[in-house]
Amino acid sequence: MLIALLPGDGIGPEVTAEARRVLDAVCGTALSYEEAPVGAAGYRAEGHPLPPATLDLAKRADAVLFGAVGDPSCDHLERALRPEQAILGLRKELALFANLRPAKLFPELADASALRPEVARSIDLVIVRETNGDVYFGEKGMRTTPAGRRQGYDIMSYDEDEVARIARVGFETAKARRGRLCSVDKANVLETSQLWRDVVIEVARDYPEIELSHMYVDNAAMQLVRNPGQFDVIVTGNLFGDILSDQASMCAGSIGMLPSATLDVNKKGLYEPIHGSAPDIAGQGKANPLATILSAAMMLRYSLGKPAEADRIEAAVAAALAAGHRTADLGGTTTTSQMGDAVLAAL
Ligand code: NAD
């Protein structure tokens, strides 16, 4: 099975290198790898954040393991050439529409959460975020109002098929867990959200065993901090999911702990930590590689049909934490490669 390895920028190469070591230890020669530049690295090598050869590799591969993109030196570039466009391009070109972000607190990290330990301990949820539509992909631009003032605009829209497709992923994910799905929208204000809610209710008829609830996004943001244990699976649109999943990450300890998967209809996927390229700590050996290592575990489980190997990696991460290893984001001094060593030792 071929893995497209796209390390990207900043701490991306550091954390993907550790994930690769762990995959080698668990899967050996069952997996092969091809590496290609993406983000600012792609721009520097080929003049584009998603060079054609990188996209071709991602399409050929059985799964994509992605580090992070983003580099302050690219801030002056036109938007289409900025590193972050590579992610949007990959999502669009590979038709990756369902982003799964588990947020679960490892018991050893209860003190690292922004929440009180007794509240944080209850977090065990998955946010299913639509990633192929919404305001990020709508018509956008700058124009001048009749009064001669500059005006920016971004059109938010979803059609019913897009909503039904992601709703099904939400229901299926809930089915494989504790059977509860909370759909998050802003139906009291937005037409897009009203359609979202109507369609989710229609799809729910195919899932009578799932307990469905609805919540406005502002309330969801509050409830995630007040009582995160009430959630099993949350399904929501691209914009709301972007914000809520980062919030959930801080509740679960550190952004350096959280993996993600973005899947197409055939469960081919792109796997990446939810954090960015962290230019403030790049090259210093301070990055926590566990989010990327856990992303590799998700890859084995969701795209490569290797759940036992995924379990082994997750258990090894828990063991490394239980043994007291902590990178700087978790309040310790363990370096990136030492954390990789600790996971390998636990394997
Ligand atoms: P960030 O996630 O890169 O960093 C936020 C903070 O968290 C920083 O203080 C950073 O040091 C810390 N952090 C992040 N990952 C860590 C890890 N693994 N271990 C320890 N600490 C970690 O977000 P940002 O600073 O807002 O963005 C930096 C760049 O990354 C920007 O160019 C942004 O566009 C890009 N970005 C990329 C992605 C992606 O590639 N998927 C996601 C978010 C942001």
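Two residues are in contact here when they have heavy atoms within 4.5 Å of each other. With that in hand, welcome to a quick tour of a predicted model, where local features need pLDDT of at least 70, side-chain atom pairs count only at pLDDT 80 or more, and totals for chains, interfaces and linings use all residues. Residues are numbered from 1 along each chain as its sequence is written, and side-chain values use heavy atoms, with hydrogens and water left out. The protein chain is assigned domain 1 (1-99 + 258-347) and domain 2 (114-251), bounds that come from an automatic or database domain assignment.

**How the two domains meet**

- The centres of domain 1 and domain 2, taken over C-alpha atoms, are 24 Å apart. Twelve residues from domain 1 and 13 residues from domain 2 take part in the contact.
- Between them, the domains bury about 1,100 Å², and 58% of that is on carbon and sulfur atoms. Buried area is the accessible area (1.4 Å probe) that two parts lose on being put together, summed over both.
- On the domain 1 side, Lys 92, Phe 97 and Asn 99 lose the most area to domain 2, together 51% of what that side buries.
- What kinds of pairs cross the interface of domain 1 and domain 2? Five residue pairs are in polar contact, both residues at pLDDT 80 or more, while the rule finds zero salt bridges there.
- A polar contact is a pair of N or O atoms within 3.5 Å; within protein, one must be able to donate a hydrogen and the other to accept it, and residues adjacent in sequence count only if both atoms are side-chain atoms.
- α4 (85-93) and β4 (98-104) each supply at least two residues of the domain 1 side that touches domain 2. α4 gives the most to that side, with three residues. Helices (H or I, at least four residues) and strands (E, at least two) are DSSP runs, numbered from the N terminus.
- By class, the side of domain 1 that touches domain 2 has eight nonpolar, two polar and two charged residues. Ala, Val, Leu, Ile, Met, Phe, Trp, Tyr, Cys and Pro count as nonpolar, Asp, Glu, Lys and Arg as charged, and the others, Gly among them, as polar.

**Two buried glutamates**

- Glu 272 is part of strand β12 (residues 269-273) and is buried at 7% relative accessibility. Buried means under 20% relative accessible area, exposed over 50%, and partly exposed in between (1.4 Å probe, protein chains only).
- Not counting residues up to four places away in sequence, Glu 272 touches Phe 66, Gly 67, Ile 87, Arg 91, Pro 259, Ser 260, Thr 262 and Ser 295.
- Glu 130, in strand β5, is buried at 0% relative accessibility. Leaving aside neighbours within four places in sequence, its contacts are Phe 97, Tyr 158, Arg 165, Ile 166, Thr 236, Gly 237 and Asn 238.
- The side chain of Glu 130 also reaches the backbone nitrogen of Asn 132 at 2.9 Å.

**Positive phi in loops**

- Asp 134 has a phi near 75°, a positive value in a residue other than glycine. Asp 134 sits in the loop between β5 (124-130) and β6 (140-144) and is buried, with a relative accessible area of 5%.
- Ala 278, also not a glycine, has a positive phi near 45°. Its place is in the loop between β12 and α10 (290-302).

**Salt bridges**

- Side chains of opposite charge can pair when their charged atoms come close.
- The structure holds 22 salt bridges, each a side-chain nitrogen of Lys or Arg within 4 Å of a carboxyl oxygen of Asp or Glu.
- Asp 341 pairs with Arg 21, the closest N and O atoms being 2.5 Å apart. Asp 341 is in helix α12 (residues 336-346) and Arg 21 in helix α1 (residues 12-27), 320 residues apart. Asp 341 is partly exposed at 37%, and Arg 21 is partly exposed at 32%.
- Arg 44 forms a salt bridge with Asp 71, with the closest N and O atoms 3.4 Å apart. Arg 44 is exposed, at 56% relative accessibility.
- Asp 242 and Arg 129 form a salt bridge at 4.0 Å between the closest N and O atoms. Asp 242 lies in helix α9 (residues 238-251) and Arg 129 in strand β5, so the pair ties together parts 113 residues apart in sequence. Asp 242 is partly exposed at 24%, whereas Arg 129 is buried at 3%.
- Salt bridges that share partners join Asp 124, Arg 177, Arg 178 and Asp 232 into one network.
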